[in-house]
Number of protein chains: 2
Amino acid sequence: MSTTQDQMISIDRLSGDLRELAEIGRAEDGGLYRMAFTEADMRGKDWLEQRMREAGLETRRDGAANVIGRMEGRDPEAPVLVIGSHIDTVPCAGMLDGTLGVLTGLECLRALHEAGGKPSIPIELIAFSDEEGRFGGMFGSQAFAGQITPDTIHQASDLDGNKLSEVLEGHGLDPWEALHARRDPETLAGYLELHIEQGPVLSKSRQQVGVVEAITGLFKWTVTLSGEPNHAGTTPMRMRRDAFMGVADFAHELPRILDENGSKRSRATIGRVELVPGSANTVPGEARFSIDVRDTDETVMHELAISIGKALTAIARRRKLRFDYETESWIHPVDCNPRLVGMVAEAAAECGVRHRRMESGAAHDAQIVARVCPVAMLFVPSKDGRSHSPAEWTALDDIEAGARVMLGAIRRFAFGEGEATVGNAGNPG
Amino acid sequence: MSTTQDQMISIDRLSGDLRELAEIGRAEDGGLYRMAFTEADMRGKDWLEQRMREAGLETRRDGAANVIGRMEGRDPEAPVLVIGSHIDTVPCAGMLDGTLGVLTGLECLRALHEAGGKPSIPIELIAFSDEEGRFGGMFGSQAFAGQITPDTIHQASDLDGNKLSEVLEGHGLDPWEALHARRDPETLAGYLELHIEQGPVLSKSRQQVGVVEAITGLFKWTVTLSGEPNHAGTTPMRMRRDAFMGVADFAHELPRILDENGSKRSRATIGRVELVPGSANTVPGEARFSIDVRDTDETVMHELAISIGKALTAIARRRKLRFDYETESWIHPVDCNPRLVGMVAEAAAECGVRHRRMESGAAHDAQIVARVCPVAMLFVPSKDGRSHSPAEWTALDDIEAGARVMLGAIRRFAFGEGEATVGNAGNPG
C-alpha cells in the first residue's frame, strides 16, 4: 500500500495549491490578511470550492458558510468521515495555519478520486469559518457541532465593531442559517485534522509527524495584587508594599507549582503585566497580570488552579498585598479517540515517517468537533515553532510526509484497509 | 532663647498663609495645578512677593523669575544665608510640597522682623522656579547655581510642546536673563531648606523633625531582556526563552544585591515593566523595565551598578536571553554641610522637638544649590508618606515644630546665637 500512496500524493500539486491560495489576501508586508468573512476570505472560499469540484467532489456551503466537498461512499447513508480545518487567517498571517490541513485533505481526496476507488463510507472535506476569531473564533465548527445560539449570532462583532450578522448579510447570507448548520452526531463517523504544530517539539526532536493524543484545556486568570504606591527614593525597602515584588515571587513559585502538581504536559505563562502607576520612580501600588495554564488532564488543571490560588494568597499575606483574580476562561481538554489515534500512528509507521505521539497545546476546530464525534489530529513541524506570522513554514518533505500519513489514515478509516472502520464512539470527553 | 521663639512663630498665621496660597491654582478635583509659569504659578509669585513686602523684606525677581525677599544684615556685603524652596506644583498636587518650606521661611523672617533685631549677615528667602519639572525641573535653582546654558533655554519644552522661551516671553520675561541669575559662590554663606519628607520614616518613628545629613544620588537604567515570543500552549516550559522570567529572577536577586553591596540607605525599585507582545497566550519575547537605584554614597552606587550588571548578565546567560541597558540618568549624591547640620540638630534639641538624623531619598533644590554653597535641610513628617497628591498633609503641631527649629537654625547662623557663624565651606560634594 505504501508504494501506491507514494505515487498518489503529489507534493508539487499540493505546494502549487498552497502558493495559489496564498496569493489571495496577501498584503505588501508579505503577510496574509484573509480574516473571516472579509472579501479575501470569501474569494478564498470560492477558489477552494472550485478546486474541490475539479477534484471530483460535490460541493456546498452550510448555514455557517463552511465550505464542504463530499466524496460519496458505497453506502451513502453511512456516517461520514470528516477531514477539516480552516482557511481564514489572523491579520499578517503565514500561509499554512489551517490552510495546510484543508489543502492536504484536498490532495488526498483528489488522489483517491484519480485512483478511482470508492470509499465504503462518505468522506467530507470541510473548511470551517472563522477559526481564528475575528468574531470570537471557531464559529464554523461550533455551528457544525450545534454550539451556536441565536445570542451568539446577535452579539458577535469584531474589534472594529462590525456585527457578524451584518457582515454575513453583506455577503448575501442569512446569519440565522448558522443555527441549521448543526450535524446530527449519528451521521458522523470520525474527524481527522492535519495542522502545523505551531510549536518547537517536532523540529527539536527531528520528527516529521506528531500523532496527537489530546488537546490541552486551559484556564486564564487576570490577577490583581494591590499594595501601596510610594516614592522610590523616600520609602525604605522594609516599609514597602510593592505589588510587583508579589508578581516576581509568584513567577518564582511557578516551576515548583508545576513540578508538584502538574504533569509533563503542563504549561504556565505570565504573558501580560501592567504596573500602576508604572513610573520608574514610584514603587508599584498595583500589578495586574495574566496567567495562562494548560494541561490535557482537567484534574491536573483543577489542582494547578488550587495551588496557584494558595501561592498567591500566601504571597499577598507575606507582602501585605491584596489578592484578587478573575477567571477569564476555562476550556476543557479533549482526548483524541484512541482507535483513530492508533490508525494515524499505524499509517505513519507504514509510511516509514519519523513520528511521535504528543499533545496539542493550541486550540483547534478538532476540539469543538470532539463534542459530536471521535477525533484525531496530526501535526507537521513548524520551522522554529513559528506561527501567526509570515515566517511560518514547514519543509516540503515534512508536508509530503504528513499528507501520506493522512492518506493512509483515510484509507484505513473509510476504505476499510489495514484495520476495521471505527464507528461513532460518542463524545470521548 | 527657646521661650522667645515660642512666642515668635505664629502657627495660625503660617497656616493662614498656607490656606491662602492653596486657593491659587486649586481645581474642582481638590488638587493644585500651579505648574511652573502657568497663570496660576505667576499669580502665586505675585501673592508671595506681596506677602514678603508685608513682612518687611525687599523683594525682586532674578532672571529665572525666582522670587527673592531680602532682610538686610548689619554687614550688607557679607555672604548671604539663603532660605529656599519652591511654590510651583505638579499637576493635581497637595498644598505643602515646596510651599511649606517657602512659607515657613517667610514666617521666620516675619517673626524676626517683628522682633526688630538685625542679622549680622543678610538673609534671603527664595522661591525657586520650576522645581517640579514642567520644563525639566530645578530650573530656578540651576540658574541660581550657574548650571543653565543657552542650550537649556533654547531646548526646554513641556509635555504639550510649549517652549520655555516662548512661555517666558508670554509673561513679558526675557528668557536669556536666566543666564544672569547665577550667584557668585563667594556671596553665599549657606542654604537652608525645610521640606515635607514625602516618605514614611518620620511618622513611623514618631519624630517631628528630620535633620537631613545627605541627599541621595540615583541612577536609572532602562533594561531590555530579549528572548523569543512563543505560543503559551505549544511551547514546553524547558524550550522557552521567557523574557519575563528573567525580570522575575532579577527582582529576586535585588534584596541579595542590596544586602551584599548596599548600605542601609540603599533603595532599588522596579517601577515600570513592559512585556512584548504582552498578550496572555504568548510567552514574552521581550521585557523592558526600569530600575531606579539610590544611595547617599556614590561608591555604593557604583558597586550596586556593577552588581546589578553582573546579576543581569548571569540571568541572561542562564535563560538564553539578550541583556541590554541604557543609563537614563546618574545624579550625584550630596552631603549636607556638617556644621549646618549640627546647627539644625542643636536648634531641634533646644526646642525640645523629637528629631532624628536621616537622608533625603528625593531630589530637592538643595541638591543643586549644594554645588555653590554649604546646605542643610530639615524634614517634617508626611502623613502616610503621601506626596504629589491632594492627600498630602502634615499635622500643624509638626509644622510648628519644624518652623521653630528653622528659626533656631537661622538665629544660630545669621544672628551668631548659640554658635559661631560658619563661613562658606565651599562645595562639600
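A residue is called buried when its relative accessible area is under 20%, exposed when that area is over 50%, and partly exposed in between, as judged with a 1.4 Å probe on the protein chains only. These legends describe a predicted model, in which local features need pLDDT of at least 70, side-chain atom pairs count only at pLDDT 80 or more, and totals for chains, interfaces and linings use all residues. Residues are numbered from 1 along each chain as its sequence is written, chains are lettered from A in the order in which they are written, and side-chain values use heavy atoms, with hydrogens and water left out.

**View 1. An aromatic pair in chain B, formed by B:F250 and B:F289.**
Rings of Phe, Tyr and Trp (its six-membered ring) pair if their centres lie within 6.5 Å, and planes under 30 degrees apart count as stacked, over 60 as edge-to-face and the rest as tilted. The whole structure holds 19 such aromatic pairs over all chains. In the tilted pair of B:F250 and B:F289, the centres are 5.8 Å apart and the planes make an angle of 40°. The pair links distant parts of the chain, since B:F250 belongs to helix α9 (residues 243-261) of chain B and B:F289 to strand β12 (residues 286-295) of chain B, 39 residues apart. Helices (H or I, at least four residues) and strands (E, at least two) are DSSP runs, numbered from the N terminus. B:F250 has a relative accessible area of 0%, so this residue is buried, and B:F289 is likewise buried, with a relative accessible area of 0%.

**View 2. The stacked rings of B:F323 and B:Y325.**
Here the ring centres of B:F323 and B:Y325 lie 5.8 Å apart, with 15° between the planes. B:Y325 counts as partly exposed, because its relative accessibility is 43%.

**View 3. A cluster of aromatic rings in chain A.**
Ring pairs join A:F219, A:W221, A:F323, A:Y325 and A:W330 into this cluster.

**View 4. The buried residues of helix α2 (residues 11-21) of chain A.**
Among them are A:I11, A:L14, A:L18 and A:L21, and the list also includes A:S15, A:G16 and A:D17.
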